[in-house]
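I had some time with this model today and wanted to get my bearings. Notes below, in the order I looked things up.

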Amino acid sequence: MANRIFSLLLLLCAGNLIAQNTSVTNIEPRVEALLAKMTVEEKIGQLTQMPGDISTGTDVAKDDLLNQIRTGKLGSILSHTNFQNKITMQRVATKETRLGIPLVFGFDVIHGYKTIFPIPLAQAATWEPDLVERIERIAAEEASADGQNWTFSPMVDISRDPRWGRNMEGSGEDPYLGSLIGVARVRGFQGNDLAANNTVAACAKHYAGYGFVEAGREYNTVDMSEQRLRELILPPFEAVAKAGSATFMNAFNTLNGTPASMNKHLVTDILRGEWTWKGLVVSDWNSFGEVIVHGAAADEEDASAKCLGAGSDMDMAGGTFQKGMKKALDNGKVTQAQLDEAVRRVLRFKFMLGLFDDPFRYLDPKRREATLFKEEYRKTAREAAAKSMVLLKNDGGLLPLNPAGPFKKIAIIGPLVDSRTYKDYMSFWTLGLGTPYYDSTKVITPAMALKPALEALGFQVTVAGVNLTAASDEAAFKDAIQASKDADLIIACVGERGLDCGESRSVSDINLPRGQERLLKIATLNGNRPTVMVLFNSRPLTFQWANENIESILVAWQPGFETGNALTDILTGKVNPGGKLPVTFPYSLGQVPIYYNALNTGRPQEKQGQMWTSGYLDGPATPAYPFGFGLSYTTFAYEAPKVNKTKIKSGETLEVSVTVTNTGKIAGSETVQCYIRDLVADISRPLKELKGFEKITLAPGEKRTVKFKITENDLAYWNTEAKRKADPGKFKVFTGGNSRDVQEVEFSLEK
Ligand code: GLC
């Protein structure tokens with residue numbers, strides 16, 4: 001953890017090093033010289049981005065793109081897959097306009113571009129920021145080779161509500177893990193030179209608070225205290241800003257009444273003021289126009305003035321600036337200086353990308369041909385998918401499947417055994433495959449890999465899909481039930497479809513969808529058949545019956561192209577599962593929001609049913625599976641943590657050490673976690689806060705002592721005087737393999 005903190009601190013004190021990180025020189029004078037030549041219309045054009053051949057939002061009126069480019073009405077295109085078109089558009093922009101300003105192409109590269117990796121939430125479950133960086137490096141290679149200059153990623157929204165469909169795009173409920181993963185994504189995308197033809201600019205989104213939409217309902221209202229905003233929501237944004245993310249994206253939602261796109265507190269006071277971040281802020285899809293719908297602006301003129309005035313720069317997809325900015329300027333609602341400052345940021349961004357020096361740098365057909373879908377990329381996809389899978393249960397050691405064991409006949413059943421449905425095992429955010437170019441043969445399904453692999457081990461294998469659109473359960477489950485009757489072990493592949501995940505996919509029920517729990521009951525003969533449930537999910541789901549009746553449960557998330565191979569690696573034991581949950585799995589939806597870093601309340605409940613305490617009459621107040629949880633095929637024993645001193649003064653560092661032993665028979669990876677608790681502060685502080693983790697691999701019988709460094713900064717919080725400060729007093733440090741099963745030791749901070 002120490003080196004991780006150190007590299008994060010390096011980035012923090014680098015002061016946007018990566019933001020200026022480009023091999024292009026002499027940018028500022030060139031920006032000024034160009035700006036001086038531009039008309040107001042050309043300036044407004046540079047602040048306008050329009051969608052290409054894929055719409056990723058509400059349909060907005062989009063005029064003939066080439067004509068808009070030719071007449072200087074836009075400076076950027078998003079979501080355009082057709083490579084040849086991009087060459088044409090760039091030629092028109094640079095050869096057929098008055099000033100020849102190149103276009104910048106933006107795209108949602110969310111979990112791979114052509115080669116598809118596990119969803120971001122699954123990647124977080126690896127607790128390996130270095131692996132995440134490698135994934136984004138590959139994504140940047142492919143996207144930049146296909147003419148994209150800019151990805152709308154990393155999404156660093158913290159969320160505690162599994163009803164919200166976009167959990168899949170983030171890194172879960174914890175700001176510390178979310179910050180490290182977000183920084184890894186920025187480094188993977190941007191590399192060491194934004195102008196290199198194999199890097200893309202990053203975009204931190206959605207700024208801010210989007211993950212806290214009320215009731216988990218998409219695009220809904222967000223209202224929270226400044227304390228929660230500062231402690232939970234902003235840290236990952238600050239971390240990626242300091243790490244040099246070249247751009248930020250406004251969120252759709254209001255934050256405490258003010259739409260994020262026109263929220264001066266967020267964009268000017270904090271992002272550009274406190275954090276001294278100098279990059280470009282792009283709206284979300286028509287979010288500038290939507291401030292009118294929010295009722296916070298009268299019309300496009302008012303919306304333009306308020307969004308630009310808040311410090312936001314580029315108008316994605318809505319054409320609000322095209323319609324209202326000139327009037328806002330003429331009527332004195334915005335100044336020429338404000339307009340110029342936004343245009344500077346766009347021009348600077350394009351210079352940093354090298355687009356002025358060579359507008360076709362990212363549009364090289366030969367490089368495209370040589371780069372897309374490289375076989376070696378799939379190896380990383382397979383590694384990431386296997387490492388992301390989280391073993392929740394394994395009663396009786398049913399896994400790994402052992403040919404010398406008692407089970408010979410295996411039935412692989414369920415709607416997701418061998419799906420060819422568009423986006424299954426992936427998500428909506430695989431747009432780089434393009435709708436006309438989507439090639440479903442690239443996805444290795446569970447059946448494609450598992451059946452031959454298990455047969456090669458000597459098992460008899462039957463595969464029986466389930467057609468969930470059939471007229472009745474019986475009709476849908478018939479084959480699966482028959483296959484199960486003849487088998488002595490069942491692998492049930494259930495969960496969500498690819499298009500159940502992502503934007504505009506909130507749900508009001510997080511039980512296993514489409515009656516799949518009924519299938520499990522029937523197919524497992526009501527739990528009388530040894531069963532492995534493989535869950536394909538984009539968010540925490542609830543599955544109480546399965547929890548009580550199924551021996552082994554594996555969270556596979558949406559694993560991407562290498563789904564079947566990674567699942568086979570795990571189920572056969574080629575890879576020992578080491579994933580840990582980056583989100584709490586509730587026992588029931590009624591508990592939501594439920595999360596590990598909660599406050600104690602004045603009446604904490606020790607035992608379910610205890611009256612006059614913080615609990616429920618009709619169920620537990622504890623989750624099904626806590627944050628940080630994940631089993632292995634081996635076992636690990638933790639000794640109590642030790643501290644090198646029981647008191648630290650300001651400026652001193654506490655060293656925490658914990659010895660972990662692999663007490664099982666096979667090698668395995670374990671993410672050792674370190675949490676703190678501030679026992680007494682000016683305000684109530686969380687029961688636990690993640691402050692460090694280290695993933696180690698131990699051979700059978702091997703033991704290792706892991707060390708964590710805790711500084712005063714780790715103990716600080718946003719206090720009642722609106723400052724980050726640590727209070728003197730008693731703290732606890734906890735170490736363990738998840739946020740629940742921990743051991744503790746006390747220490748004090750003296751000031
Ligand atoms: C969408 C999403 C945003 C995405 C953008 C462009 O509505 O909210 O995350 O980057 O539009 O597709």
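I began with aspartate 313, which sits in the loop between helix 12 (300-310) and strand 10 (315-316). I kept in mind that this is a predicted model.

Buried or exposed, I asked of aspartate 313? Its relative accessibility comes out at 0%, so I put it down as buried; the cut-off for that is under 20%.

Next I checked what its side chain meets. A polar atom of the aspartate 313 side chain lies 2.8 Å from the backbone nitrogen of valine 281. The side chain also makes a polar contact with the side chain of arginine 345, at 2.5 Å. Leaving out neighbours within four places in sequence, I listed the contacts of aspartate 313, among them Leu47, Arg272, Phe288, Phe321 and Ala342.

**Helix 7**

I moved on to helix 7, residues 129-145. Its 17 residues reach 24 Å from first C-alpha to last, close to the 24 Å expected. I noted 13 of the 17 as buried, so helix 7 is largely enclosed by the rest of the structure. Just after helix 7, I found glycine 147 with a positive phi of about 90°.

**Whole chain**

I finished with the overall picture. The protein chain has 22 helices and 27 strands. Its radius of gyration is 26 Å, close to the 27 Å from the globule rule for 751 residues, so I wrote it down as being as compact as a globular protein of that length. The C-alpha trace spans about 80 × 65 × 45 Å along its principal axes. Buried residues make up 63% of the 751.

Technical notes: Residues numbered from 1 in each chain as written. Predicted model: local features only at pLDDT ≥ 70, side-chain atom pairs only at ≥ 80, totals over all residues. Heavy atoms only, no water. Helix = DSSP H or I, 4+ residues; strand = E, 2+ residues; numbered from the N terminus. Buried < 20%, exposed > 50% of the residue type's maximum accessible area, 1.4 Å probe, protein only. Polar contact = N/O pair within 3.5 Å; in protein donor to acceptor, adjacent residues only side chain to side chain. Contact = heavy atoms within 4.5 Å. Expected span 1.5 Å × (residues − 1). Rg over C-alpha atoms; globule rule 2.2 N^0.38 Å.
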